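Let's walk through this structure together, one step at a time. Please have a look at the model first.

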Amino acid sequence: MMRMSKKNITKYILWIVIFCVGICIGKLLNGGYFTLSKEVSIIDAITLFVTVGCAIFIAKVLEKEVQDDRIEKDLFLNQANQLETFLGEIEKNIESPDCLYTNIVNFYSRANKTRNKFFKRIDEHNIRLSKNQTLNEIKKELENYFKSLKPLLTDTPVIQTDSPDIVVESGRIKYSESRLAEIRNELTNIYDCLFAIKIIVNRS
């Protein structure tokens, strides 16, 4: 059975409010499709206005919950976007002939810290998402991809060869074409995970 969203509940409450207001007007004016007495008792009037008041109050509360939920989702999505930004800097720098080794280490470190903060904040602030099985599986996949990415970016060969995958000279780092292909593949895997995370967060 499909779970009814707070947004839909709010719509139904608003329809109830409109219906109750219609009853009040019909009661007072004795018009429309209602067959009612022209004399309105105080109890009837109070009952109707209390009903309308309660409906409006509930609608406002639910509307606020929907807004708070959207704000929370946007905060999570912004953190995912920030992670993508750091990964994009890595992707851009590895293509540059003036790529600094320290920049690569810095951007990787910031991306990894952002990843850890993202899931930590989900665990702290959103129980529903923290228990999402698919999200937890993606969390493990991301951890593995980041572990694979780090040596591809930073590990220089212990044994020197004629065509090493990584060369560091004067603080600048250069990658072989085969190493660049491996790095791009890992980055693509991470981007795919982040896309899936955004879908899950939006649908939660």
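A residue is called buried when its relative accessible area is under 20%, exposed when it is over 50%, and partly exposed in between (1.4 Å probe, protein chains only). This is a predicted model, in which local features need pLDDT of at least 70 and side-chain atom pairs count only at pLDDT 80 or more, while totals for chains, interfaces and linings use all residues. Residues are numbered from 1 along each chain as its sequence is written, and side-chain values use heavy atoms, with hydrogens and water left out.

Glutamate 95 forms a salt bridge (a side-chain nitrogen of Lys or Arg within 4 Å of a carboxyl oxygen of Asp or Glu) with arginine 184, and their closest N and O atoms are 2.8 Å apart. Glutamate 95 sits in the loop between H2 and H3 and arginine 184 in helix H6, so the pair ties together parts 89 residues apart in sequence. Helices here are DSSP runs (H or I, at least four residues), numbered from the N terminus.

Next, turn to helix H5, residues 133–154. Its buried residues include Leu135, Ile138, Leu142 and Phe146. Seen down the axis of H5, the buried residues fall within an arc of 135° (taken from the directions from the helix axis to the C-beta atoms), so they line one face of the helix. On the other side of H5, Gln133, Lys140 and Lys147 are exposed. Lysine 147 also meets glutamate 143 in a salt bridge (3.5 Å, N to O).

Definitions and conventions. Helix = DSSP H or I, 4+ residues; strand = E, 2+ residues; numbered from the N terminus. Expected span 1.5 Å × (residues − 1).
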